[in-house]
Amino acid sequence: QVQLVESGGGLVQAGGSLRLSCAASGRTLSSIIMGWFRQAPGKEREFIARIKWRGESTYHADSVKGRFTISGDNAKNMVWLQMNSLKPEDTAVYYCAAVQRAFYGLGPTRPYEYDYWGQGTQVTVSS
């Protein structure tokens, strides 16, 4: 089992920044892949970014590329999502997710490909 706890959400004005954190604990995390998703009311859960701790390979969705950056510290079992130039349409509940299987290419980017989820943290961007 892997436990994930997000923090750092809140209310911010458009154009502002927030940094979300995700703390991972549990079974060995050396081969883990961590991802960030978001879900707005009435919408499907959307992939934002993922990081592979072996090689620290990252991939960001086109919708956030250039504004959001995923990073991680394997030794601290922490992953962050730096969000800049926030827009009202970024308002959503943001989730940290993890999986301990091998994926090749740009994946995993689909919610069903992840096995563990945090409780989510609300991000609200006002206009």
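Ring pairs join Phe-37, Phe-47, Tyr-59, Tyr-95, Tyr-114 and Trp-117 into a cluster. The model here is a predicted one, and six aromatic pairs turn up in it. One of them brings together Phe-47 and Tyr-59, whose rings are stacked, with 5.9 Å from centre to centre and 15° between the planes. Phe-47 belongs to strand E5 (residues 46-52) and Tyr-59 to strand E6 (residues 57-60), so this pair ties together parts that sit twelve residues apart in sequence.

The charged end of Arg-45 sits over the ring of Tyr-95, 3.8 Å from the ring's centre. That charged end of Arg-45 sits over the ring of Trp-117 too, this time 4.8 Å from the centre. Both Tyr-95 and Trp-117 are among the residues that ring pairs link into the cluster.

Turning to the strands, four of them make up an open sheet in the order E1-E3-E8-E7, and their pairing is antiparallel. At the edges lie strand E1 (2-7) and strand E7 (68-73), each of which pairs on one side only. From one strand to the next, the twist averages 15°. Within this sheet, strand E3 (residues 18-26) runs antiparallel to strand E8 (residues 78-83), and six bridges hold the pairing. Take Arg-19 as an example: its bridge partner in E8 is Gln-82.

Definitions and conventions: Residues numbered from 1 in each chain as written. Predicted model: local features only at pLDDT ≥ 70, side-chain atom pairs only at ≥ 80, totals over all residues. Heavy atoms only, no water. Phe/Tyr/Trp six-rings, centres within 6.5 Å; stacked < 30°, edge-to-face > 60°. Helix = DSSP H or I, 4+ residues; strand = E, 2+ residues; numbered from the N terminus. Lys NZ or Arg CZ within 6 Å of the ring centre and 35° of its normal. Pairing = 2+ DSSP bridges. Axes fitted to C-alpha atoms, helices over the stretch in contact; angles between N-to-C directions.
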